[in-house]
Amino acid sequence: MLFRSEYRRIGLALGGGDFEEAANRMLAMPVTDDTPEADRWTRLAAQRVHRAAALRMRDGRVGVDVARAAVESGRRYLELLSVAEDGTTPEDRFAILDRDRMLPIAASIASALDALQQATDDPVDGREALEWYRAILDRRPNDGSVLEAAGELAARLDEPEFALDCWRTLVRGAPDGSDLWWKARTRQVAALLQVDPVRAAEVL
């Protein structure tokens with residue numbers, strides 16, 4: 001009953017739009033020592049908070065509290081799923097992304113960290129977002145939306161080589177002459193000017 005009650009309180013906080021309280025309650029779980037039931041309800045709580053925050057973000061309402069809740073709950077959910085039956089966790093925290101159905105959660109975490117970096121200008125959030133984007137692209141190298149977001153963020157964080165890789169891949173994959181192709185082409189040249197000005201001059 002204790003777990004259900006806390007899970008219900010999290011739902012009430014989400015229903016009232018208080019993502020900060022929902023995230024704090026989620027992070028405080030389990031409310032008793034580790035047991036299979038505690039782990040299950042903690043995992044369900046993390047999933048619930050992440051889903052609600054991700055849906056709010058898709059609606060275009062990306063407040064700092066919503067983005068932070070998406071990050072914290074997404075991280076927690078993936079961490080819990082990564083725990084093996086013997087209680088150990090893999091050294092590579094991104095290993096869980098080898099399960100395809102986990103990639104959308106990773107994308108939500110990366111997008112939320114990206115939004116936090118833009119809102120607060122905190123490079124720590126931005127660097128972590130890039131780590132998530134890289135992990136996703138390791139598994140889906142031609143994901144257009146991730147390439148575009150990663151390219152933009154890499155440019156903001158002064159990582160022109162990674163930005164260049166993203167824009168080059170997009171140029172190759174986007175339909176010639178499309179808006180995305182032109183955007184990627186323009187950004188590619190801008191990144192190339194930083195990495196290799198001579199080559200950029202040749203392209204121009």
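Reader: How many positive and negative charges does the protein chain have, and what is the distance between their mean positions?

Author: Lys and Arg count as positive and Asp and Glu as negative, while His and the chain ends are not counted. Each charge is placed at NZ of Lys, CZ of Arg, CG of Asp or CD of Glu. In this protein chain there are 28 positive and 36 negative charges, and their mean positions are 6 Å apart. The model is predicted: local features need pLDDT of at least 70, side-chain atom pairs count only at pLDDT 80 or more, and totals for chains, interfaces and linings use all residues. Residues are numbered from 1 along each chain as its sequence is written, and side-chain values use heavy atoms, with hydrogens and water left out.

Reader: How many helices and strands does the protein chain have?

Author: Both are DSSP runs numbered from the N terminus: helices are H or I with at least four residues, strands are E with at least two. The protein chain has 10 helices and zero strands, which gives the pattern α-α-α-α-α-α-α-α-α-α along the sequence. The C-alpha atoms fill a box of roughly 70 × 40 × 30 Å along the principal axes.

Reader: What share of the residues is buried, and what share of the contacts with a separation of 6 or more joins residues 24 or more positions apart?

Author: Buried means under 20% relative accessible area, exposed over 50%, and partly exposed in between (1.4 Å probe, protein chains only). Of the 204 residues in the protein chain, 41% are buried. A contact means heavy atoms within 4.5 Å. Among contacts with a separation of 6 or more, 58% are between residues 24 or more positions apart.

Reader: Which residues of H3 are buried, and what span does the helix have?

Author: The expected span of a helix is 1.5 Å times one less than its number of residues. H3, residues 36-58, has 23 residues and reaches 33 Å from its first C-alpha to its last, close to the 33 Å expected. Its buried residues include Trp 41, His 50 and Met 57, along with Ala 38, Ala 45 and Val 49. After H3 comes Gly 60, with a positive phi near 90°.

Reader: What span does H9 have, and which of its residues are buried?

Author: H9 covers residues 179-195; its 17 residues should span 24 Å, and its end C-alpha atoms are 24 Å apart, which agrees. Trp 181, Ala 184, Gln 188, Val 189, Ala 191 and Leu 192 are buried there.

Reader: How many salt bridges does the structure hold?

Author: Side chains of opposite charge can pair when their charged atoms come close. A salt bridge here is a side-chain nitrogen of Lys or Arg within 4 Å of a carboxyl oxygen of Asp or Glu. The structure holds 14 of them. One network of salt bridges links Glu 6, Arg 9, Glu 21 and Arg 25.

Reader: Where in the chain do Asp 98 and Arg 139 lie?

Author: Asp 98 and Arg 139 form a salt bridge, with N to O at 2.9 Å. Asp 98 is in the loop between H4 (64-82) and H5 (103-120) and Arg 139 is in H6 (residues 123-139), so the pair ties together parts 41 residues apart in sequence. Asp 98 is exposed at 54% relative accessibility, whereas Arg 139 is partly exposed at 26%.

Reader: Is Asp 114 buried or exposed?

Author: Arg 156 and Asp 114 meet in a salt bridge of 2.5 Å, N to O. The pair links distant parts of the chain, 42 residues apart, with Arg 156 in H7 (residues 144-156) and Asp 114 in H5. Asp 114 counts as buried because its relative accessibility is 6%; Arg 156 is partly exposed at 38%.

Reader: Which residues does Thr 169 contact beyond its neighbours within four places in sequence?

Author: Thr 169 belongs to H8, residues 160-173, and counts as buried at 16% relative accessibility. Leaving those neighbours aside, Thr 169 is in contact with Pro 141, Asn 142 and Leu 147. The C-alpha atoms of Thr 169 and Arg 187 are 12 Å apart in space, with the two residues 18 apart in sequence.
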